[in-house]
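Please read them with the structure open beside you.

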Amino acid sequence: MTTIFLKNIGRFIFLILFQVLILNNIQLSGYINPYFYIYFILLLPFGIPRWLLLLSAFLLGISLDAFTNTYGLNASACVLMAFVRPFVISSISTGTEFMTGHSPSLKNQGLKWFAYYSVILVLVHHFTLFYLEIFRFKEFFETFLRVLLSSLFTLLLVFIAEYLSYPTKKS
Amino acid sequence: MRYLLYFLRKRYVYFLFLALEVLSLVLFFNYNDYQNSALAYLSNGITGSVLNLSSDISEYFSLKRVNHILAEDNAKLHSNRSEAFYKADTESFYHKDTLYKLEYRYISAKVINNSTNRRNNFLMLNKGQNQGVENHMGVIMGNRIVGQVVSISAHFCWVMSLLNKDSKISGKFKNNNQLVNIEWNGGNYQLGEVKEIPKHVVINIGDTIITSGNSDIFPEGLLIGTIDHFTIAQEENFNYATIRFSTDFNSLSFVEVLIDLMRQEKDNLKKSFKSSNR
């Protein structure tokens with residue numbers, strides 16, 4: 001149990017730093033801003049209590065906000081995403097029991113399951129984030145395009161990370 | 001009562017969700033107040049030291065360009081030295097200078113975090129309260145504008161760059177002094193929008209827009225950009241133009257914070273004016 005705990009804390013710090021020091025500095029036209037740090041929420045174990053899920057998502061978001069001076073922006077998107085997560089999982093339950101200590105992964109749950117799971121959650125997060133950021137409907141379609149392109153890039157990074165961790169993971 | 005407790009316990013996740021969501025939304029929409037709070041002061045210190053470390057590494061990559069800019073500035077300053085002038089009549093050059101009084105002081109600062117790809121962009125600088133930086137101070141690079149200070153800590157400050165929803169710059173055409181407002185609508189970080197140009201103003205591509213000096217933040221005459229293209233509106237009363245910023249926001253490395261030595265005086269004047277008009 002403690003190893004899971006430590007592993008997640010390590011992942012938390014790594015993803016925040018990766019986002020702040022690398023991804024935020026990458027210029028892919030004005031439309032694409034991948035937010036790969038939410039991979040942390042995707043990978044929290046199945047059996048995590050929902051209050052802990054919400055709290056850790058909030059902490060994740062507010063930590064990132066501190067680095068970009070947008071207090072509350074990432075936090076609210078992350079909290080909403082964490083709130084939706086159990087519903088998404090139960091809506092695509094394959095009938096088999098999930099191991100409580102295990103994280104959702106491409107290998108254990110299969111491509112279809114994982115794609116469905118990550119696409120929905122990433123879209124929830126990105127939609128909230130980008131529309132909250134502009135907070136007006138004047139640039140509705142531009143923002144829509146930004147959401148879609150950025151989600152695509154975030155998902156690409158998520159899948160690359162999944163495939164990279166493929167051989168080392170023992171089910 | 002027991003039922004209520006039971007209900008609360010059963011639904012606590014929803015309440016927690018609502019509480020956290022409301023908390024973050026309150027933070028987000030009141031961020032202007034929050035930015036000046038003690039907590040922001042503390043967290044700016046922490047994030048600042050992390051970002052400072054990373055910029056210590058990345059600054060080597062921009063050395064070449066920075067040197068180039070410095071050399072240009074040096075040349076400009078050299079040509080302003082008294083040795084560069086031909087003394088036609090020694091007597092006529094002498095005057096006791098009471099016409100001029102120092103109004104602005106500059107603090108050089110390093111940009112340790114910057115973005116151009118968000119809707120609302122901020123820069124972090126490695127100078128803070130201990131070096132004399134205060135909120136609402138203007139930030140420039142050479143004679144081009146960058147933004148204004150919005151949040152400070154002991155050694156760092158956040159600057160709202162021009163590339164921000166809340167940033168409205170009062171500018172004017174250099175050739176005919178017509179006042180305009182400049183905003184940024186997201187997307188390309190090199191292009192901004194010039195709002196509400198009166199119909200009678202003749203616009204040409206390449207016209208220079210400078211700061212008007214009407215705001216308290218920037219003095220008059222700093223470069224904002226040049227007109228890239230414009231549209232003559234048929235039905236509205238104003239024309240619109242797109243401006244190409246003179247500042248390359250994506251490659252900022254060293255900037256200057258403007259300290260307005262007469263700000264106190266201006267503020268007091270404004271305050272007394274407001275209270276007498278009530």
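1. Confidence comes first. pLDDT is the predictor's confidence in each residue, on a scale from 0 to 100. Chain B has a mean pLDDT of 82, with 89% of its residues at 70 or more. As this is a predicted model, local features need pLDDT of at least 70 and side-chain atom pairs count only at pLDDT 80 or more, while totals for chains, interfaces and linings use all residues. Residues are numbered from 1 along each chain as its sequence is written, and chains are lettered from A and ligands numbered from 1 in the order in which they are written. The model scores ipTM 0.84 and pTM 0.75.

2. One stretch to treat separately is residues 89-95 of chain B, where pLDDT stays under 50. For these residues the model has 1 contact beyond four places in sequence; a contact means that two C-beta atoms, placed from the backbone, lie within 7 Å.

3. Now the make-up of the chains. Helices (H or I, at least four residues) and strands (E, at least two) are DSSP runs, numbered from the N terminus. Chain A has 7 helices and 0 strands, whereas chain B has 7 helices and 12 strands. A residue is called buried if 20 or more other C-beta atoms, placed from the backbone, lie within 10 Å of its own, exposed if 12 or fewer do, and partly exposed in between. Buried residues make up 40% of the 171 residues in chain A and 32% of the 278 residues in chain B.

4. Chain B is divided into domain 1 (2-32) and domain 2 (169-249), with bounds from an automatic or database domain assignment. The C-alpha centres of these two domains of chain B lie 45 Å apart.

5. What does each chain bring to the contact between them? Chain A gives 28 residues and chain B gives 31 residues. On the side of chain A that touches chain B, the elements giving two or more residues are helix H3 (50-68), helix H4 (73-91) and helix H6 (111-134) of chain A. H3(A) gives the most, with 8 residues. By type, this side of chain A divides into 14 nonpolar, 10 polar and 4 charged residues. Here Ala, Val, Leu, Ile, Met, Phe, Trp, Tyr, Cys and Pro count as nonpolar, Asp, Glu, Lys and Arg as charged, and the others, Gly among them, as polar.

6. H3(A) has 19 residues and reaches 27 Å from its first C-alpha to its last, close to the 27 Å expected at 1.5 Å a residue; the expected span is 1.5 Å times one less than the number of residues. Just after H3(A), Asn69(A) takes a positive phi of about 60°.

7. A nonpolar core is a set of buried Ala, Val, Leu, Ile, Met, Phe, Trp, Tyr and Cys residues joined through C-beta atoms within 7 Å. In the largest core, of 48 residues, those touching the most other members are Leu125(B), Val146(B), Val149(B), Val159(B), Ile224(B) and Val255(B). Strand S4 (residues 144-152) of chain B gives the most to this core, with 5 residues. A second, separate core of 42 residues includes Tyr39(A), Ile41(A), Ala77(A) and Leu27(B).

8. Asn164(B) is found in the loop between strand S5 (157-161) and strand S6 (169-173) of chain B. Why does Asn164(B) count as buried? Asn164(B) counts as buried because it has 20 C-beta neighbours inside 10 Å. Leaving out residues up to four places away in sequence, Asn164(B) touches Asn120(B), Asn121(B) and Trp184(B).

9. Two backbone angles in chain B are worth a look. Most residues other than glycine have a negative phi. His136(B), in the loop between strand S2 (122-125) and strand S3 (138-141) of chain B, has a positive phi of about 70°. Glu196(B), in strand S8 (residues 191-198) of chain B, has a positive phi of about 50°. His136(B) counts as partly exposed, with 13 C-beta neighbours inside 10 Å, and Glu196(B) is exposed, with 12 other C-beta atoms within 10 Å.
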